Protein chains: 2
Amino acid sequence: MSEGFLLHAIQLACDSVASGGGPFGAVVVEDGKVVAAGQNRVVPGCDPTAHAEIEAIRAACRAKGTYDLSHCELYASCEPCPMCLGAIHWARIGRLHYACTREDAAQAGFDDALLYRELALPATARSLRVSQALRDKGLEAFRAWESDADRVPY
Amino acid sequence: MSEGFLLHAIQLACDSVASGGGPFGAVVVEDGKVVAAGQNRVVPGCDPTAHAEIEAIRAACRAKGTYDLSHCELYASCEPCPMCLGAIHWARIGRLHYACTREDAAQAGFDDALLYRELALPATARSLRVSQALRDKGLEAFRAWESDADRVPY
(Lines give C-alpha, C1' and ligand atoms only; values in the text may rest on other atoms or scores of the structure.)
Protein backbone atom coordinates (compact mmCIF):
# COMPACT_ATOMS: atom_id res chain seq x y z
CA MET A 1 0.00 0.00 0.00
CA SER A 2 1.40 3.38 -1.03
CA GLU A 3 -0.22 6.43 0.52
CA GLY A 4 1.20 8.46 -2.38
CA PHE A 5 -0.84 6.58 -4.99
CA LEU A 6 -3.95 6.83 -2.82
CA LEU A 7 -3.42 10.58 -2.46
CA HIS A 8 -3.04 10.74 -6.24
CA ALA A 9 -6.43 9.04 -6.67
CA ILE A 10 -7.99 11.43 -4.14
CA GLN A 11 -6.51 14.45 -5.94
CA LEU A 12 -8.01 13.16 -9.21
CA ALA A 13 -11.38 12.95 -7.43
CA CYS A 14 -11.14 16.57 -6.25
CA ASP A 15 -10.02 17.72 -9.72
CA SER A 16 -12.88 15.80 -11.33
CA VAL A 17 -15.45 17.93 -9.51
CA ALA A 18 -13.79 21.09 -10.82
CA SER A 19 -14.19 19.81 -14.40
CA GLY A 20 -17.84 18.76 -14.13
CA GLY A 21 -17.37 15.13 -13.16
CA GLY A 22 -18.35 13.17 -10.07
CA PRO A 23 -16.03 13.16 -7.01
CA PHE A 24 -14.15 9.97 -7.81
CA GLY A 25 -10.62 9.19 -9.00
CA ALA A 26 -8.50 6.09 -9.50
CA VAL A 27 -5.04 5.03 -10.66
CA VAL A 28 -3.70 1.71 -11.93
CA VAL A 29 -0.18 0.99 -10.65
CA GLU A 30 2.36 -1.58 -11.82
CA ASP A 31 5.87 -2.06 -10.44
CA GLY A 32 5.63 1.12 -8.41
CA LYS A 33 4.59 3.31 -11.35
CA VAL A 34 1.26 4.78 -12.43
CA VAL A 35 0.17 3.06 -15.64
CA ALA A 36 -3.05 5.04 -16.08
CA ALA A 37 -5.47 7.31 -14.26
CA GLY A 38 -9.23 7.73 -14.36
CA GLN A 39 -11.84 10.23 -13.21
CA ASN A 40 -15.60 9.96 -13.07
CA ARG A 41 -16.97 11.19 -16.41
CA VAL A 42 -20.62 10.06 -16.17
CA VAL A 43 -22.20 13.47 -16.70
CA PRO A 44 -19.68 15.24 -18.97
CA GLY A 45 -19.16 12.07 -21.03
CA CYS A 46 -22.83 11.00 -21.14
CA ASP A 47 -21.65 7.56 -20.06
CA PRO A 48 -23.15 5.81 -17.01
CA THR A 49 -20.26 3.32 -17.06
CA ALA A 50 -17.56 6.02 -16.89
CA HIS A 51 -16.75 5.51 -13.23
CA ALA A 52 -13.18 6.42 -12.28
CA GLU A 53 -12.11 2.80 -11.80
CA ILE A 54 -13.47 1.73 -15.20
CA GLU A 55 -11.88 4.73 -16.89
CA ALA A 56 -8.53 3.89 -15.25
CA ILE A 57 -8.77 0.20 -16.18
CA ARG A 58 -9.67 0.98 -19.79
CA ALA A 59 -6.84 3.51 -20.06
CA ALA A 60 -4.35 1.06 -18.53
CA CYS A 61 -5.38 -1.64 -21.00
CA ARG A 62 -5.00 0.79 -23.90
CA ALA A 63 -1.56 1.81 -22.62
CA LYS A 64 -0.40 -1.76 -22.18
CA GLY A 65 -2.20 -3.30 -25.19
CA THR A 66 -3.82 -6.04 -23.14
CA TYR A 67 -7.06 -6.87 -21.34
CA ASP A 68 -5.10 -8.53 -18.53
CA LEU A 69 -3.89 -6.37 -15.64
CA SER A 70 -2.86 -9.30 -13.41
CA HIS A 71 0.32 -7.55 -12.31
CA CYS A 72 -1.37 -4.27 -11.46
CA GLU A 73 -2.97 -2.77 -8.36
CA LEU A 74 -5.85 -0.31 -8.27
CA TYR A 75 -5.98 2.73 -6.00
CA ALA A 76 -9.40 4.40 -5.75
CA SER A 77 -10.61 7.45 -3.84
CA CYS A 78 -13.69 5.49 -2.75
CA GLU A 79 -14.78 1.87 -2.35
CA PRO A 80 -15.74 0.63 -5.82
CA CYS A 81 -19.38 -0.10 -6.67
CA PRO A 82 -20.30 -3.64 -7.81
CA MET A 83 -19.94 -2.64 -11.50
CA CYS A 84 -16.37 -1.54 -10.86
CA LEU A 85 -15.63 -4.59 -8.67
CA GLY A 86 -16.76 -6.65 -11.66
CA ALA A 87 -14.40 -4.72 -13.93
CA ILE A 88 -11.55 -5.28 -11.45
CA HIS A 89 -12.34 -9.00 -11.53
CA TRP A 90 -12.42 -9.22 -15.34
CA ALA A 91 -9.18 -7.22 -15.56
CA ARG A 92 -7.69 -9.75 -13.12
CA ILE A 93 -6.44 -7.06 -10.77
CA GLY A 94 -5.60 -8.76 -7.48
CA ARG A 95 -5.09 -5.82 -5.12
CA LEU A 96 -7.36 -2.88 -4.37
CA HIS A 97 -6.75 0.10 -2.08
CA TYR A 98 -9.36 2.73 -1.35
CA ALA A 99 -10.04 5.68 0.96
CA CYS A 100 -13.77 6.42 1.47
CA THR A 101 -16.44 3.77 1.97
CA ARG A 102 -19.71 3.01 0.20
CA GLU A 103 -21.47 4.64 3.17
CA ASP A 104 -19.50 7.87 2.62
CA ALA A 105 -20.56 7.78 -1.04
CA ALA A 106 -24.20 7.27 -0.02
CA GLN A 107 -23.96 10.26 2.34
CA ALA A 108 -22.87 12.38 -0.63
CA GLY A 109 -25.82 11.14 -2.70
CA PHE A 110 -24.23 8.25 -4.62
CA ASP A 111 -26.20 5.23 -3.60
CA ASP A 112 -23.80 2.39 -4.30
CA ALA A 113 -25.20 0.75 -1.17
CA LEU A 114 -28.56 0.35 -2.94
CA LEU A 115 -26.88 -1.53 -5.78
CA TYR A 116 -25.04 -3.77 -3.30
CA ARG A 117 -28.41 -4.59 -1.69
CA GLU A 118 -30.07 -5.21 -5.08
CA LEU A 119 -27.39 -7.66 -6.20
CA ALA A 120 -27.66 -9.58 -2.93
CA LEU A 121 -31.36 -10.25 -3.59
CA PRO A 122 -32.61 -13.21 -5.65
CA ALA A 123 -33.16 -12.05 -9.27
CA THR A 124 -36.93 -12.20 -8.89
CA ALA A 125 -36.87 -9.87 -5.86
CA ARG A 126 -34.85 -7.09 -7.52
CA SER A 127 -36.37 -3.86 -8.78
CA LEU A 128 -34.97 -4.70 -12.25
CA ARG A 129 -37.69 -6.63 -14.08
CA VAL A 130 -36.22 -9.63 -15.86
CA SER A 131 -37.50 -12.18 -18.35
CA GLN A 132 -35.83 -15.10 -20.06
CA ALA A 133 -36.62 -16.81 -23.37
CA LEU A 134 -35.09 -18.54 -26.40
CA ARG A 135 -32.34 -20.30 -24.44
CA ASP A 136 -31.90 -23.04 -27.08
CA LYS A 137 -31.43 -20.43 -29.78
CA GLY A 138 -29.03 -18.49 -27.58
CA LEU A 139 -26.87 -21.57 -27.03
CA GLU A 140 -26.00 -21.45 -30.74
CA ALA A 141 -23.61 -18.58 -29.97
CA PHE A 142 -21.75 -20.71 -27.44
CA ARG A 143 -21.65 -23.63 -29.91
CA ALA A 144 -20.16 -21.26 -32.52
CA TRP A 145 -17.56 -20.18 -29.96
CA GLU A 146 -16.64 -23.72 -28.98
CA SER A 147 -16.20 -24.80 -32.59
CA ASP A 148 -14.09 -21.76 -33.53
CA ALA A 149 -10.48 -22.96 -33.74
CA ASP A 150 -9.24 -19.34 -33.67
CA ARG A 151 -10.99 -18.38 -30.44
CA VAL A 152 -8.93 -16.70 -27.72
CA PRO A 153 -10.29 -17.84 -24.31
CA TYR A 154 -10.09 -15.06 -21.73
CA MET B 1 -40.82 -8.99 -24.48
CA SER B 2 -40.07 -9.14 -28.19
CA GLU B 3 -38.56 -12.34 -29.50
CA GLY B 4 -37.32 -10.37 -32.50
CA PHE B 5 -35.04 -8.17 -30.39
CA LEU B 6 -33.77 -11.17 -28.47
CA LEU B 7 -33.00 -12.96 -31.74
CA HIS B 8 -31.18 -9.80 -32.84
CA ALA B 9 -29.00 -9.94 -29.70
CA ILE B 10 -28.31 -13.64 -30.30
CA GLN B 11 -27.34 -12.98 -33.91
CA LEU B 12 -24.91 -10.30 -32.73
CA ALA B 13 -23.41 -12.88 -30.37
CA CYS B 14 -22.91 -15.36 -33.21
CA ASP B 15 -21.45 -12.65 -35.47
CA SER B 16 -19.12 -11.54 -32.67
CA VAL B 17 -17.39 -14.93 -32.65
CA ALA B 18 -16.79 -14.66 -36.39
CA SER B 19 -15.03 -11.31 -35.85
CA GLY B 20 -12.78 -12.40 -32.98
CA GLY B 21 -15.00 -11.39 -30.06
CA GLY B 22 -16.64 -13.40 -27.31
CA PRO B 23 -20.07 -15.02 -27.93
CA PHE B 24 -22.22 -12.26 -26.51
CA GLY B 25 -24.53 -9.65 -28.03
CA ALA B 26 -26.99 -7.06 -26.74
CA VAL B 27 -29.37 -4.38 -28.00
CA VAL B 28 -30.91 -1.37 -26.28
CA VAL B 29 -34.52 -0.79 -27.33
CA GLU B 30 -36.76 2.24 -26.87
CA ASP B 31 -40.34 2.62 -28.10
CA GLY B 32 -40.07 -0.56 -30.17
CA LYS B 33 -36.90 0.51 -31.96
CA VAL B 34 -33.26 -0.51 -31.58
CA VAL B 35 -31.31 2.48 -30.24
CA ALA B 36 -27.92 0.77 -30.19
CA ALA B 37 -26.25 -2.63 -30.37
CA GLY B 38 -23.19 -4.10 -28.69
CA GLN B 39 -20.94 -7.12 -29.07
CA ASN B 40 -18.26 -8.51 -26.79
CA ARG B 41 -14.96 -6.83 -27.73
CA VAL B 42 -12.76 -7.86 -24.78
CA VAL B 43 -10.02 -9.53 -26.81
CA PRO B 44 -10.05 -7.54 -30.08
CA GLY B 45 -10.48 -4.26 -28.20
CA CYS B 46 -8.04 -5.04 -25.36
CA ASP B 47 -10.79 -3.94 -22.97
CA PRO B 48 -11.96 -6.20 -20.12
CA THR B 49 -15.03 -3.98 -19.66
CA ALA B 50 -16.16 -4.35 -23.29
CA HIS B 51 -18.95 -6.80 -22.57
CA ALA B 52 -21.83 -6.67 -25.04
CA GLU B 53 -24.22 -5.04 -22.57
CA ILE B 54 -21.75 -2.29 -21.65
CA GLU B 55 -20.93 -1.67 -25.30
CA ALA B 56 -24.66 -1.40 -26.11
CA ILE B 57 -25.34 0.92 -23.16
CA ARG B 58 -22.40 3.18 -24.03
CA ALA B 59 -23.47 3.31 -27.69
CA ALA B 60 -27.07 4.07 -26.73
CA CYS B 61 -25.94 6.91 -24.47
CA ARG B 62 -23.76 8.34 -27.24
CA ALA B 63 -26.68 8.08 -29.69
CA LYS B 64 -29.12 9.76 -27.31
CA GLY B 65 -26.71 12.24 -25.71
CA THR B 66 -27.60 11.20 -22.16
CA TYR B 67 -26.43 8.91 -19.38
CA ASP B 68 -30.05 8.08 -18.51
CA LEU B 69 -31.74 5.20 -20.34
CA SER B 70 -34.80 5.06 -18.06
CA HIS B 71 -37.15 4.56 -20.99
CA CYS B 72 -35.13 1.78 -22.57
CA GLU B 73 -35.05 -2.01 -22.31
CA LEU B 74 -32.01 -4.23 -22.72
CA TYR B 75 -32.02 -7.49 -24.66
CA ALA B 76 -28.97 -9.70 -24.13
CA SER B 77 -27.97 -13.08 -25.57
CA CYS B 78 -26.95 -14.21 -22.08
CA GLU B 79 -27.67 -13.32 -18.46
CA PRO B 80 -25.51 -10.28 -17.63
CA CYS B 81 -22.58 -10.60 -15.23
CA PRO B 82 -22.55 -8.43 -12.08
CA MET B 83 -20.46 -5.75 -13.84
CA CYS B 84 -23.11 -5.45 -16.54
CA LEU B 85 -25.96 -5.59 -14.01
CA GLY B 86 -24.26 -2.64 -12.34
CA ALA B 87 -24.10 -0.78 -15.65
CA ILE B 88 -27.81 -1.51 -16.22
CA HIS B 89 -28.53 -0.08 -12.77
CA TRP B 90 -26.49 3.09 -13.31
CA ALA B 91 -28.09 3.58 -16.76
CA ARG B 92 -31.48 3.26 -15.01
CA ILE B 93 -32.70 0.61 -17.41
CA GLY B 94 -35.74 -1.00 -15.82
CA ARG B 95 -36.31 -4.07 -17.99
CA LEU B 96 -33.94 -6.83 -19.02
CA HIS B 97 -34.52 -9.79 -21.30
CA TYR B 98 -31.99 -12.54 -21.89
CA ALA B 99 -31.65 -15.98 -23.48
CA CYS B 100 -28.84 -18.10 -21.94
CA THR B 101 -28.06 -18.32 -18.23
CA ARG B 102 -24.89 -17.73 -16.20
CA GLU B 103 -24.58 -21.53 -15.98
CA ASP B 104 -24.61 -21.80 -19.78
CA ALA B 105 -21.83 -19.16 -19.88
CA ALA B 106 -19.82 -21.11 -17.29
CA GLN B 107 -20.19 -24.29 -19.38
CA ALA B 108 -18.64 -22.41 -22.29
CA GLY B 109 -15.74 -21.25 -20.12
CA PHE B 110 -16.96 -17.82 -18.99
CA ASP B 111 -17.14 -18.01 -15.26
CA ASP B 112 -19.62 -15.29 -14.41
CA ALA B 113 -20.85 -17.63 -11.66
CA LEU B 114 -17.50 -17.23 -9.87
CA LEU B 115 -17.92 -13.46 -9.83
CA TYR B 116 -21.46 -13.80 -8.48
CA ARG B 117 -20.09 -15.98 -5.68
CA GLU B 118 -17.24 -13.55 -4.96
CA LEU B 119 -19.55 -10.57 -4.64
CA ALA B 120 -21.83 -12.46 -2.27
CA LEU B 121 -18.92 -12.98 0.16
CA PRO B 122 -17.95 -10.44 2.82
CA ALA B 123 -15.16 -8.21 1.46
CA THR B 124 -12.56 -9.85 3.70
CA ALA B 125 -13.39 -13.33 2.38
CA ARG B 126 -13.01 -12.48 -1.33
CA SER B 127 -9.98 -13.46 -3.40
CA LEU B 128 -9.46 -9.74 -4.17
CA ARG B 129 -7.14 -8.37 -1.49
CA VAL B 130 -8.37 -5.05 -0.20
CA SER B 131 -6.99 -2.34 2.07
CA GLN B 132 -8.41 0.96 3.21
CA ALA B 133 -6.64 4.14 4.34
CA LEU B 134 -6.78 7.95 4.31
CA ARG B 135 -10.56 8.15 4.65
CA ASP B 136 -10.48 11.67 6.11
CA LYS B 137 -8.41 12.88 3.18
CA GLY B 138 -10.73 11.09 0.74
CA LEU B 139 -13.76 12.83 2.20
CA GLU B 140 -12.39 16.12 0.87
CA ALA B 141 -13.55 15.09 -2.62
CA PHE B 142 -17.12 14.66 -1.37
CA ARG B 143 -16.92 18.02 0.47
CA ALA B 144 -15.76 19.65 -2.81
CA TRP B 145 -18.71 18.02 -4.59
CA GLU B 146 -21.25 19.15 -1.99
CA SER B 147 -20.02 22.75 -2.08
CA ASP B 148 -19.99 22.92 -5.90
CA ALA B 149 -23.05 24.96 -6.92
CA ASP B 150 -22.72 23.75 -10.53
CA ARG B 151 -22.76 20.04 -9.72
CA VAL B 152 -25.18 17.81 -11.64
CA PRO B 153 -26.42 15.06 -9.29
CA TYR B 154 -26.96 11.78 -11.12
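Predicted model: local features only at pLDDT ≥ 70, side-chain atom pairs only at ≥ 80, totals over all residues.
Residues are numbered from 1 along each chain as its sequence is written, while chains are lettered from A in the order in which they are written. Local features need pLDDT of at least 70, side-chain atom pairs count only at pLDDT 80 or more, totals for chains, interfaces and linings use all residues, and side-chain values use heavy atoms, with hydrogens and water left out.

Strand β4(B) also meets the other chain: four bridges join it to β5(A), and the two strands run parallel. Here A:R129 has B:R95 as its bridge partner, and A:V130 stands opposite B:L96. Five of the six residues of β4(B) are buried, that is, under 20% relative accessible area with a 1.4 Å probe, protein chains only.

Helix α3(B) comes next. Eight of its nine residues (82-90) are buried, so this helix is largely enclosed by the rest of the structure. Among the buried residues are B:P82, B:M83, B:C84 and B:W90. Their cover includes α3 and α5 of chain A, together with α2, β3, β4 and α5 of chain B. Just after the helix, B:R92 takes a positive phi of about 65°.

What does the whole interface look like? The size of an interface is often given as the accessible area lost when the parts come together. Between chain A and chain B the buried area (accessible area, 1.4 Å probe, that two parts lose on being put together, summed over both) is about 7,100 Å², with carbon and sulfur atoms giving 69%. A:W90, A:F142 and A:Y154 supply 11% of the area that chain A buries against chain B, more than any other three residues. In terms of contact (heavy atoms within 4.5 Å), 80 residues of chain A meet 80 residues of chain B.

Four salt bridges, each a side-chain nitrogen of Lys or Arg within 4 Å of a carboxyl oxygen of Asp or Glu, are counted between the two chains. One of them links A:D47 to B:R58, whose closest N and O atoms are 2.8 Å apart.

Key
Pairing = 2+ DSSP bridges. Buried < 20%, exposed > 50% of the residue type's maximum accessible area, 1.4 Å probe, protein only.
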